[in-house]
Amino acid sequence: MGDNEALYRHWHVDRDRDDILWLHLDRAGENVNSLSSEVLEEFEQLINHAETSKPRGVAILSSKPTGFVFGADVREFDSFSTTETVIAAIQRVHGMFNRLERLPCTTVVAVEGYCLGGGLELALACNYRIAKDVPATKFGFPEVQLGIFPGFGGSARSVATIGGMKAMELMLSARQVGARAAKALGLIDEVIGRHEELYWAARRAILSRKRSRSPSISARLSNTAPARKILADQMRKKTAARVRKEHYPAPYRLIALWEQYGNKPQKMMQEEAKAVGELMLSPAAVGLRRVFSLMERLKAEGKQSAFKARRVHVIGAGVMGGDIAAWCVLRGLEVSLQDRELKYIEPALQRAAKLFKKKLRDPVKVKAALNRLRPDVSGERVAQADVVIEAIFENLEAKQALFRDLEPRLKAGAVLASNTSAIPLEQLASVLQAPERLIGLHFFNPVASMPLVEIIRSDQTDTEQVKKAAAFCGQINRFPLVVKSSPGFLVNRVLGPYMMTALSIHLEGIPAEAIDAAAEAFGMPMGPLELADTVGLDVCLMVTDVLGKDQGEAERQFIKRYVDTGKLGKKSGEGIYRWKDDKAQKNPDKITGHDLTVISNRLVNVYINECEAALNDGIVTDADLLDAGMIFGTGFAPFRGGPLYYREHQQHEQQSNAAQLTDDSATVNPGEQK
Amino acid sequence: MSNQQLRRVAIVGGVRIPFCRSNTAYAELTNLDMLADTLQMLVDKFGLAGRKIDEVVAGAVTTHAKDWNLAREALLSTTLSPATPGITLQIACGTSLEAALMSAAKIASGQIDCAIAAGSDTTSDAPVVFQRKFARRLIRQGQARSLYSRLAHFKGFSLSELTPQVPAAGEPRTRLSMGQHCELMARDWGISREAQDHLAMASHMNAVAAFDSGFFDDLVLPYHGVVRDNNLRADSSLEKLASLKPAFGSGAAGASAAATLTAGNSTPLTDGASAVLLVSEEYAHAHQLPVQAFLTQGRTAAVDFVQGEGLLMAPAIAVAEMLQRAGLALQDFDFYELHEAFAAQILCTLKAWEDEDYCRNRLDLPNALGSIDRSKLNVHGSSLAFGHPFAATGTRILGSLAKMLEQKGSGRGLISVCTAGGMGVTAILER
């Protein structure tokens, strides 16, 4: 009725008989909706249109089956070159969302599926928010994971809508909440059931002029000056326990912003634009955006095959086998776990029960999960399995005998994998009728918290099997990294010399505490010696032997002495550190007097040198994949964007610093003015 | 309608969610949820998204008044074309089998080309309502105009009226539970505890073997983390079954008799849903759908249980009547899918068919129907193992039997389901 739909590429626009203006977002050329600059430009025109044509109400929905809005378009962030342009872009969005908020008619947003970041910020600028109660519906602010915080007015609006205590927690944790939890928080106003319709709920809301309820008393109280002071201190403490300010400035900046302007939404929004503008170009944000795109790349690897597993059979109920089985069960699969006798399977079942209780909580779901995990001493479930994973002790003959026995019993099309980290894939595959079938699936310990799985292939491996294995990783929520079969694959190959270097430094007389503190100051999640204890010194020794480098006999002997006396690290209660309640007992005094930068430079150098060597050996196909592997496999300081990226960046910086010094016209870096 | 010849009715296939004991894994779900999700599984299995099906006929036994349009509401929550009509139907435990028979008749006569029969039941979401006396007060109060007359409707109110009414799985006319009725039948026909336990044991063993062999892989799909029926016991044993106490007391069965029905040889209250796709042969060819079997006969019968007939004996009669019409003998089958409401129900039915007197006097037959080859009975398990979500059992059996006939290549299978109110629904599948 007068609205020319053809004007808009990304929005379906309709004015109905009740004089309601319907805006259905359907971003052209994309599977999912995100707020790209084009989408926002069109939205600005739609606001103009609503201002002049004065409809009875405006309803915003998504036409995509994949959800409402995933956020701003992160890919566009890298196109900004100066803080000023970021701020200007943000202010433009502030302008249109403010005008949306000020429209005299009822504005309703109706959400099914993801409503994250910019999508939630858009929703918060509407009068009334409706969500469909299905598992896919999720609300949240993921921005801090990208080194920024909500910048489309979301920090100010969420604080004003649900109070600083709840809003700040959401933004700082980046956690996602479902429809009912969002209603309880006050983020949304109405939840409809899965058999109801968003369209009709939105129409109902507009015809009865619904408005979001004003914030609760406790929400308003949490924004008062004294409350902000107390809460901000608590938030800083909580944040400090997780990330360092020098590495991740965004959460600290957000806390300071709220502490200062939490009761003045307009002012907070203005300052939000400045803060986010500056954070957007900070090295941490650049690095984290890179991590995000690397993650997307790894995830995409898992989407090249339609393979979907229903049943998994794991042979070997040790730590790795048992935990792989438990993780697959947790992800909804049916798993049979085989070992020589039931008594070897029972400890794995107990660990699994503990994991299910921790992750699922609901006893009914725990029971269902336990029913999906079956001990299978005779291995009769092999024939039903879509994925068979061998995780027995590292012995070539035993593994070969097992594969010989397994091959004829496999279901057609089933993936056959080994979790070995020591034996070359080719040697295992040699006993098979179809050696091209075997792949390696190298999980990391602890399986439940390590997001990476190395998929090992040799020259003869069938590419289709690799794709299926990657799809399987995607199914169990793990990032697949395809690596060439070679000693240590990628992650252990790099970690080996890195830990050996840490040991050499230690043998030179530097305390373990100082070495680990140096690595952590660089941004590693855990220092190399604590890591050695956590992995187990026996495992370290085995990896060292696999890598077979001629270097470091003294270091090898050093670990061997520990292993020989039963000091294996965390699992035995003592290794390089003493362990109590699963925590390494460190003496902080031992750090003083040591130059941590010198230590970390040495460690990081060895680490990155080995990365370069691995890349040269073609272990992975390109530098981005290598960086991705090291970030998700070892937790290499994510804000630094990956080891190779970091080195390149450093060299680049050194060159430009040198150029600047000779140029002698150094100006103030815009990022530093305050 | 033209006076064309009757058309063959093809069963394309069925699907169901794993059945779960009441108040376990599906406690948070409603009939509408389970039915919609099961229909969606069937849609996905046979690529029916966006397709208009001529009718979806489905029902639930334990149901809320608000679910008066259950079948239609459920299909609107799937990717089926919204132009698909939904018919909500109910005949107790025979619901989804009856739904299939009614649609099959329409397909055979050429009224429609395709239909989905389905059923769902949950006793975890049972409708709890006020007693009628209190409900009447509320209604009259709502109609009243003055404050005085509003209050007047609460005159004589007693707190006991607030006691909610929970639907009972019992017979309204006799005030006996199903189990108590079946206990009476067991006594009439002299069915021993051991025989019942043996049947229960066989049901579990057959069902476990069928699951382990992969028979149910495309029939029972994972749902809410559950991969197989949670009533199933792989570790069942006759000793364990023998150790169970009678579940329905000896009082109802008469003081002198020892009760024989236990939780082990009776079906538990169960949540679940199932669905089957039925089409004309022409439709199957036109849409490249597989034909697992043909639904060739159906019959529904009832007994006068108020005057003392066994409440769950109606399948014995329905089968006899159906066989006569089909010109078949009881022994002309490769599979017998007799729903095990209680082990005793099956054993009474089998015994009745073997009984000259019963067959002559009650079934009007010249001779006894005879006995069946027990190795052909419920070969992949039945309700004692899977559980029995009332309305879902009929299409559960249809889906399984159709697949069994497809695997066998050719043959004939008999289905019977007993229901509350002294009724029975039966059918024949052939291939």
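Predicted model: local features only at pLDDT ≥ 70, side-chain atom pairs only at ≥ 80, totals over all residues.

In chain A, 8 strands make up an open sheet with mixed pairing, in the order S13-S12-S11-S14-S15-S16-S17-S18. The edges are held by strand S13 (373-375) and strand S18 (479-484) of chain A; each has a single partner strand, so one side of each is left without a neighbour in the sheet. On average, neighbouring strands of this sheet are turned by 25 degrees against each other, direction ignored. Packed on the sheet is helix H12 (residues 283-301) of chain A, which touches strand S17 (452-457) and S18. The direction of H12 makes about 80 degrees with that of S18(A).

Within the sheet, S11 (residues 311-315) and S12 (residues 334-338) of chain A are paired in the parallel sense over 5 bridges. In this pair, Arg311(A) stands opposite Glu334(A).

I turn now to the interface. How many residues does the contact take from chain B and from chain A? Chain B gives 19 residues and chain A gives 11. The buried area between the two chains is about 1300 Å², and carbon and sulfur atoms give 37% of that area. Asp212(B), Asp217(B) and Val227(B) supply 35% of the area that chain B buries against chain A, more than any other three residues.

Between chain B and chain A there are 5 salt bridges. Arg194(A) forms a salt bridge with Asp37(B), with the closest N and O atoms 2.7 Å apart.

Note on methods
Residues numbered from 1 in each chain as written. Chains lettered and ligands numbered in written order. Heavy atoms only, no water. Pairing = 2+ DSSP bridges. Helix = DSSP H or I, 4+ residues; strand = E, 2+ residues; numbered from the N terminus. Axes fitted to C-alpha atoms, helices over the stretch in contact; angles between N-to-C directions. Contact = heavy atoms within 4.5 Å. Buried area = accessible area lost by both parts, 1.4 Å probe. Salt bridge = Lys/Arg side-chain N within 4 Å of Asp/Glu carboxyl O.
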